[in-house]
Amino acid sequence: MKNKVTLLNMISGVVLQFFTLVSGFILPKIILTCFGSEVNGLVSSLNQFLSYITLVEGGITGVIVANLYKPIVEQDNNKISSILVTADRFYKKIGALFIAYSVILSIIYPLHFKTEFTFSYVCSLTLILSLTLLIQYMYSLTLRTLLNADKKGYVVNFTQTLIVIFNVLFALISVFIYPSIHVLKLISGSLFLLQPLIFNRYVKKNYKIDWKVEPDNSLIKSRWNGFAINLAAFIHNSTDVTVLTFLANLKTVSIYSVYSLVSSGIKQMINACLSGIAHTVGQAYAKKNWKELNQKLDIYEYIVLILVFFLFTVTALLITPFVQLYTKDIVDTDYNQPLFGFLLVLAEALYLIKLPHLNLAYSANKFKEITVPAYIEAMLNIMISVALVKWIGLIGVTIGTIVGMTYRMVFHVYYTSKIVPGRAQCIFYRKLFLFAAGAGGGFVFCYKLLPLQTVTVGSWIVHAIFYCVVMGAILLAISILFFQNEMKFFWKYVKR
């Protein structure tokens, strides 16, 4: 039964990711085609500023989930109720704060940032875009946290999949009947009311929650343990758009957001493939079985590097031609930015390469020890991005991200050598050098031998297949020559 639930959660997660990815390409295309790059950049920028409210959360969701595991196993309904009441009160306070923040932002943004739109246009759009987060904090997040902690993630995933599908359908209908970005986003935000309706019905039917019990406020105090890590991840995802909004213009933000659709989609795909591995590494660390831990770290590093260098090298070759096809009818700004596309892909690759070492630090509960490096990464990213964006625009913000990611990767590889006996840093760097050399050679070979000059859908697909075959063959050859042990260990693990 447990295996069936796990499988259902995995399948529902993949289904949600697929539809989210498809939606992520359709909706911006609708906005670009019907309303232009300036509106697309405005929506991306406003969403980024609205998401800043998540910093107030300070890691409470992770704490709530961790504290729910034991009472759920023991079926301690009183403890479960106390934790949920605590979470619900905290989320509603954030929701109330978010209302005030949204109103202030809706006034300040159109006054501070000069756009072609009127004050009322930007102000009303800001308030409409805030609906999605407001509904979740006020009515959904507490119940969603309970369902995820109780391995009922499939309820959350299928509900969200339904919202994503309806969102695309209603968006297409709305622009056909009455093309207005305000109407489109109002429909999108309102659809999130499905979440509390479905979650409430499911929780009432399957749980005995007493919403009148006393809250456990000690949970709130411990939420800061992982705050620095959350902050660093948030800055990685938000610095570029924020800096471009302040120091560039909304059309530049639109260019960034379109390229980011591709790089973020690949990153999510790799994260989905790796979702089960971090848990096995954590178990090995908990048992203090250093031989097993080293073996699993070897395979973890190997899989991450294979996936990253294969998918991101192919993406680096194809991202700009894809964006050219995607924005073929959009003529209000230049989306042909090959150097920016390459650097953005490199930045996301560096973010993923450190995952085995970052997740090991999480599993070892070393949050305090990795707090300062997380802040340093964030500061490097912000300072370099701000310093360079005026000179080289999009390229500048990606250089800031690359420097920050490189520093964080180097630190975590070093820190792993401190907490795992016998784990030399050169083990990782040898793998990194071999795969980077192979991927670099493959990139140059593909770019010189069969460059994609005339961009059509057919030529893009043909080149994509060719590039995948070349990169797959190179990485397979490197694996056979240098990583036979990892390949054998991985095969045994899969068979088991």
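Buried means under 20% relative accessible area, exposed means over 50%, and partly exposed lies in between, with a 1.4 Å probe and protein chains only. At 66% relative accessibility, Q75 counts as exposed.

This is a predicted model: local features need pLDDT of at least 70, side-chain atom pairs count only at pLDDT 80 or more, and totals for chains, interfaces and linings use all residues. Residues are numbered from 1 along each chain as its sequence is written, and side-chain values use heavy atoms, with hydrogens and water left out.

**Overall fold**

The chain has 22 helices and zero strands. Helices (H or I, at least four residues) and strands (E, at least two) are DSSP runs, numbered from the N terminus. The C-alpha atoms fill a box of roughly 60 × 60 × 40 Å along the principal axes. For 496 residues, a compact globule would have a radius of gyration near 23 Å, and the chain agrees at 23 Å. That radius is taken over C-alpha atoms, and the globule rule is 2.2 Å times the number of residues to the power 0.38.

Buried residues make up 53% of the 496. Contact means heavy atoms within 4.5 Å. Of the contacts with a separation of 6 or more, 84% join residues 24 or more positions apart.

**Local sites**

| Residue | Element | Residue range |
|---|---|---|
| Q75 | loop between helix 4 and helix 5 | 60–74 (helix 4), 77–112 (helix 5) |
| S263 | helix 13 | 250–274 |
| I384 | helix 18 | 371–392 |

Most residues other than glycine have a negative phi. Q75 is not a glycine, yet has a positive phi of about 55 degrees.

S263 is buried, with a relative accessible area of 0%. Leaving out residues up to four places away in sequence, S263 touches F312, L344 and E348.

I384 and V397 lie 13 residues apart in sequence and 7.4 Å apart in space, C-alpha to C-alpha. Beyond neighbours within four places in sequence, I384 is in contact with G396, I399, G400 and V403.

**Helix 21**

Helix 21 covers residues 457–482, 26 residues in total. The helix reaches 37 Å from its first C-alpha to its last, close to the 38 Å expected at 1.5 Å a residue. The expected span is 1.5 Å times one less than the number of residues. Its buried residues are S459, H463, A464, Y467, V470, M471, L475, I478 and S479.
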